[in-house]
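Hello,

Here is the structure I promised to pass on. My notes on it follow below.

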Amino acid sequence: MASQDWFEKDFYAILGVPADAGQDAIKKAYRKLARQYHPDANAGDPASERRFKEVGEAYAVLADPEQRQQYDAVRAMARGGARFTAGGPGGGAGFEDLLGGLFGGSPRGNVRFTTNGGAGPAGFEDLLGGLFGSSAGTGGYGAPRGPRRGEDLTADVDLTFRQAVEGAQLTVRVPDARGGNRTVDARIPAGVRDGQKVRLRGRGRPGDPGGEPGDLFVTVHVEPHSVFTLDGADLKVTVPITFPEAVFGAQIDVPTLEGPPVRMKVPAGTRSGRTLRVRGRGVRTPKRTGDLLVTVHVETPLRVDGAARQALEAFAEATAGEDPRAELFARSRRDPAGAGDGRR
């Protein structure tokens, strides 16, 4: 901005402060208006952007005692009718110097604009950094806003099968900011699966002052059980039954993870591989209590002698006309795609 422009602009009025305002009052007024008209808070509003530039022009001059003195002198001469021309050695500094980096102007003149915390008034980056989260010396629209969130961390834990079923309170070691380790108390919910990731909010690295901490993602490795498997809130177990139990039906005892066995009915004619459900004997979670899923397996004896052999031979003779694979072959011949006759 050439000095002649100072004749036309009342920087005190732009900031809304009297001509004898102190530096603290000028800074306070600027901060308030800069927050109000900052482009990040008024995206796509040309009027707000123009007002933001005007406020910045006013502050840049009035915040520098030397520039303010020159401005006051120019304004005093303006009231007396004097005129200045642009650019000469005696002319005032242009505001383009101040906002050259921010709004595209080229540096010229002698306006001082500090960003490094040295002597002189605070620069735009320093002031707006506090308002919108920019770091000193890196102001502008693309600068990061607000304190940074902490980094997320990952960890692995080994659980016994019972811990996975019941849930567990563990101590997990994670890296700290100094390159060492720290411990974090982690509550693993009941019913976790092997390989599942559990998110612990706020247990990662701390953020910047005023920023949120990161999260901790714990990958769970569950030691397998010799009898039971876990499927969400349901427990699974495979139980052998005899051929007569499968044919005639029976009441059998089924093991549970805790407490005594549970009594379960096997319906007559149960096929090997059928899964029966015992409700409420699975994992207790805050959302629901799972079931015990019992898959029955018809046990085939390795040797049959004596009366048992005679009985089986009699059974085989009595059912000799039955073909358990007949339906399978019938369905294979009814293949709608014609695969059975070689057509594609």
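**Aromatic pairs and a surface patch**

Phe11, Tyr12 and Tyr71 make up one aromatic cluster. Before the rest, a word on the source: this is a predicted model, where local features need pLDDT of at least 70, side-chain atom pairs count only at pLDDT 80 or more, and totals for chains, interfaces and linings use all residues. Residues are numbered from 1 along each chain as its sequence is written, and side-chain values use heavy atoms, with hydrogens and water left out.

Rings of Phe, Tyr and Trp (its six-membered ring) pair if their centres lie within 6.5 Å; planes under 30 degrees apart count as stacked, over 60 as edge-to-face and the rest as tilted. By this rule there are four aromatic pairs. One of them is tilted, because the rings of Tyr12 and Tyr71 have centres 6.0 Å apart and planes at 50°. Tyr12 lies in helix 1 (residues 11-15) and Tyr71 in helix 4 (residues 65-80), so this pair ties together parts 59 residues apart in sequence. Helices here are DSSP runs (H or I, at least four residues), numbered from the N terminus. Tyr71 has 1% relative accessibility and therefore counts as buried (under 20% relative accessible area; exposed is over 50%, partly exposed in between, with a 1.4 Å probe and protein chains only).

The rings of Phe243 and Phe315 have centres 5.8 Å apart and planes at 70°, so that pair is edge-to-face. Phe243 in helix 8 and Phe315 in helix 9 (residues 306-318) are 72 residues apart. Phe315, at 43% relative accessibility, counts as partly exposed, and so does Phe243 at 39%.

Best wishes

Conventions: Helix = DSSP H or I, 4+ residues; strand = E, 2+ residues; numbered from the N terminus.
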